Protein chains: 2
Amino acid sequence: MKGLILAAGLGIRQKENGDSKPLISLLGLSLIKRVILTARKSGIKEFLVVVGYNGKKIRKYLGDGRKLGVKINYLVNEQWKRGNGLSVLTARDFMQEPFILLMADHLFDDKILSQLLEITLEKDECVLCVDRNHSKHLDIEDATKVVMEDGRIKDIGKHLIDHDGIDTGIFLCTPAIFDALEESIAHGNETLSGGIRILANRGRMKAFDISGKYWIDVDDDKALKNAKSLLIEQLRKQTDGPVSKTLNRPISIRITELLLKTGISPNQISLMSFIIGIFAALSFYMGDYIYLVAGGILAQISSIIDGCDGEVARLKLQESKYGGWFDAVLDRYADALIIFGMIHGDWILHHDTLIWSIGFMALMGSFLNSYTSDKYDSTFKEKMTDRYAIRMGRDIRLFIIFIGALSGQILWTLAILALVTNFEAVRRLVVLRYRYA
Amino acid sequence: MKGLILAAGLGIRQKENGDSKPLISLLGLSLIKRVILTARKSGIKEFLVVVGYNGKKIRKYLGDGRKLGVKINYLVNEQWKRGNGLSVLTARDFMQEPFILLMADHLFDDKILSQLLEITLEKDECVLCVDRNHSKHLDIEDATKVVMEDGRIKDIGKHLIDHDGIDTGIFLCTPAIFDALEESIAHGNETLSGGIRILANRGRMKAFDISGKYWIDVDDDKALKNAKSLLIEQLRKQTDGPVSKTLNRPISIRITELLLKTGISPNQISLMSFIIGIFAALSFYMGDYIYLVAGGILAQISSIIDGCDGEVARLKLQESKYGGWFDAVLDRYADALIIFGMIHGDWILHHDTLIWSIGFMALMGSFLNSYTSDKYDSTFKEKMTDRYAIRMGRDIRLFIIFIGALSGQILWTLAILALVTNFEAVRRLVVLRYRYA
């Protein structure tokens, strides 16, 4: 399915000599690139972008889309100062099939599109994504409102007093939209809403409720700020462990904001976290208390940076399977080498072989924690949820090491690590046996 | 979809006072249970079994099917000495939808059914699975032959001189079969083939070529022997490593044949292999050369038995996701403890701390070999194939340990293990980076 993106306008509150709104950068990505990459996540790989104001610059900026892994063609709407219905109409000859219609400056949750694409339409129907529970940040006065009935749009406009929701600017259209727009224009209304109202009057305009998923019209500086908070909010993962949630994530998000300005890639960040882990291991290896403290701090820093690769990848829509795998494998190596450094450091201080055995068990348990859950995912084709697993994740393990190093008690630290990790691995064997046997 | 299973007859070469053929045991499972469980793998959970000869015994034996995880109802064909078309006809009132028709004594590859179920049929069509490249073991004289044209059956019968393939006794039927059978019976032919010929004459009998997948009609003792070889042949896995293929698998298959007679479960076998691994670790732990040799032998035995759990599960159609996961996790624990035992044994002999470091690296590498490939499976939702991975599986690792233990060179053994496993893990990181970056 193709995507049609409207990028012709100036933006209501923008000065005419300002930069094009679609090109405004937000957390490492311009608005229009973010819209394109979000749509690509739902499998849309071919786009028509309607340009007008500052059109040449947008065309030069996006090119043929190859760098984004998509194909982009352009349509020019010289009449961009008039209603945006005219922009949609420029695509008339190029859209014989249903297509997605998006605004270049409306950001949204990728789940919206993947669900929208599942709706089946009659030949003469269109769908508008409607937000029934709009956020408190929304500039309600300027928003386009809709009245709904039985899952269909009944009326649409900026000045409706009673309304059921907000027009999000995300559409699934059939070519029927073009006839409706021409009819609206013939009646003197050149806006997209005009065409939608024509379809609504005929009962051919479905509504899709996006509640629970975010979208935002980035219309002014205030909205830009809100969009930033909104995107950053998405980084907090439900699967975050307790240390990650309360300590690592708040710090890593700050670091991520800085990293986004450097253009460093997620895999490079994974490697950076790994190298810091190696330095932690080397520091532990030396043995003296001062090295121990340094090792503990480095291990905790590595743990924090370990969150940044995923954050940058998600914010720049650069998530890759290889990246996830690469990060996980490096983490296992860093885990092992940090434990090895701790053993060696304690050994040269106390020459008690017990540390080797305890350290060995700590490594075994740490690995088994990762392994039981990853092997579960690959075997059962689903995530091992909290129902079966007490999360004994990397954030907790490295935090135990951090605290243990500061206390100077390496043997006890590794003993605790060995105990809790192996206990949890064996517990999973038993719990899942009762579940599946 | 329901399955209709014909279990009424006596079998051509069987004496009347013999046991019912469907109840004959083959590698731990009676023929009819094997047919039912094979069909269950393709999602068929409801069966109608037509009984005749020895019917009470079969009904008592299978019961309502709950123990097999299916639902079984019975139909009685008192006329079981006459043509088998009469058996099919007893189901007339119970089959309003398309259904699978199977013979209680025909064993087959479960892939046949899962592909057969994907065929879409017109209301008056049926499909017969045809073997175009029948095995040399087939008793061609007694087989039912078919002539085909354009993917449809043209003629069917035992005495066709020229033929294109063999009737495998596996059908996907619509209720149209019943009318065809009645028409055939009216013409004096009471066999199922008679009904099929009627449909074939009308061009309503499709053929599905099963080439490359096994099936066998277990008609006499010779066929029973062939069926046994055939099923055992399926146990050799393409993913078997070199040690597994040449040494472990041939031995484990023999042991599996014995284990099948005991009723021991696959998970119990996994546990058995694990416990032998623990004894290997304990033996290594002691240090003396004689214990070293014993440890090496036990490790290799554990490696061989490790193949039996999967073999028993596959032969008894008891494969479970939990079983696969449980086995993998126990393997990782056994791997770790065996390496730990080796380190300790060497340490009490030579008191050289180098063994601890080398052993630690060997454990890290062994784990990373399992982890990189399992994490790959769960991330990419596909198996890491030979294209990216040099297989450094458990069979090879335990064989290195076996040979190393006999040679008495523990430090060198662990050094080699550390080297090859870590080299392979790092190589995967690099190769996959080029593939996916």
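Predicted model: local features only at pLDDT ≥ 70, side-chain atom pairs only at ≥ 80, totals over all residues.
1. Leaving aside residues up to four places away in sequence, Asp331(A) is in contact with Asp306(A) and Arg394(A). Asp331(A) sits in helix α12 of chain A, and its relative accessible area of 9% falls under the 20% cut-off, so the residue is classed as buried.

2. In general, residues three or four places apart in an α-helix point the same way, because the helix has 3.6 residues a turn. Arg332(A) and Asp335(A) are both buried.

3. Two salt bridges in chain B deserve a separate comment. In one of them, the side chains of Asp105(B) and Lys21(B) meet with an N to O distance of 2.5 Å. This pair links distant parts of the chain, since Asp105(B) belongs to the loop between β6 (99-103) and β7 (106-108), while Lys21(B) belongs to the loop between β1 (2-7) and β2 (25-26), 84 residues apart. Asp105(B) and Lys21(B) are both buried.

4. In the other, Arg92(B) and Glu182(B) are joined through their side chains at 3.0 Å, N to O. Arg92(B) is placed in the loop between α3 (85-89) and β6 of chain B, and Glu182(B) in helix α5 (residues 176-186) of that chain, so the bridge ties together parts 90 residues apart in sequence. Both partners are partly exposed, Arg92(B) with a relative accessibility of 27% and Glu182(B) with a relative accessible area of 41%.

5. Returning to chain A, salt bridges with shared partners connect Asp306(A), Asp331(A), Arg332(A), Asp335(A), Arg394(A) and Arg397(A) into one network. Over all chains, the structure contains 58 salt bridges.

6. On the surface, Lys321(A), Lys381(A), Lys321(B) and Lys381(B) come together in a patch of positive charge. Of these, Lys321(A) is found in helix α12 (residues 321-350) of chain A, where it is partly exposed with a relative accessible area of 45%.

7. A nonpolar surface patch consists of Leu271(A), Ile275(A), Phe279(A) and Leu282(A), which together have about 370 Å² of accessible area. One of its members, Leu271(A), lies in helix α9 (residues 266-286) of chain A and is partly exposed at 38% relative accessibility.

8. Helix α6 (residues 192-201) of chain A is mostly covered, with 8 of its 10 residues buried; among them are Leu192(A), Gly194(A), Ile196(A), Ile198(A) and Leu199(A). Just after this helix, Gly203(A) adopts a positive phi of about 75°.

9. As for chain A overall, there are 15 helices and 13 strands, and the C-alpha trace spans about 90 × 55 × 40 Å along its principal axes. Of the 437 residues in chain A, 55% are buried, and among contacts in that chain with a separation of 6 or more, 75% involve residues 24 or more positions apart. The accessible surface of chain A amounts to about 19600 Å², with 55% of it belonging to carbon and sulfur atoms. Chain A has 56 positive and 52 negative charges, and their mean positions are 3 Å apart.

Terms used. Residues numbered from 1 in each chain as written. Chains lettered and ligands numbered in written order. Heavy atoms only, no water. Patch = residues over 30% accessible without salt bridge, like charges linked within 9 Å, V, L, I, M, F, W, Y side chains within 5 Å. Areas by Shrake-Rupley, 256 points an atom, 1.4 Å probe, with all protein chains shown as cover. Salt bridge = Lys/Arg side-chain N within 4 Å of Asp/Glu carboxyl O. Lys, Arg positive; Asp, Glu negative; His and termini not counted. Charge placed at Lys NZ, Arg CZ, Asp CG, Glu CD. Helix = DSSP H or I, 4+ residues; strand = E, 2+ residues; numbered from the N terminus. Buried < 20%, exposed > 50% of the residue type's maximum accessible area, 1.4 Å probe, protein only. Contact = heavy atoms within 4.5 Å.
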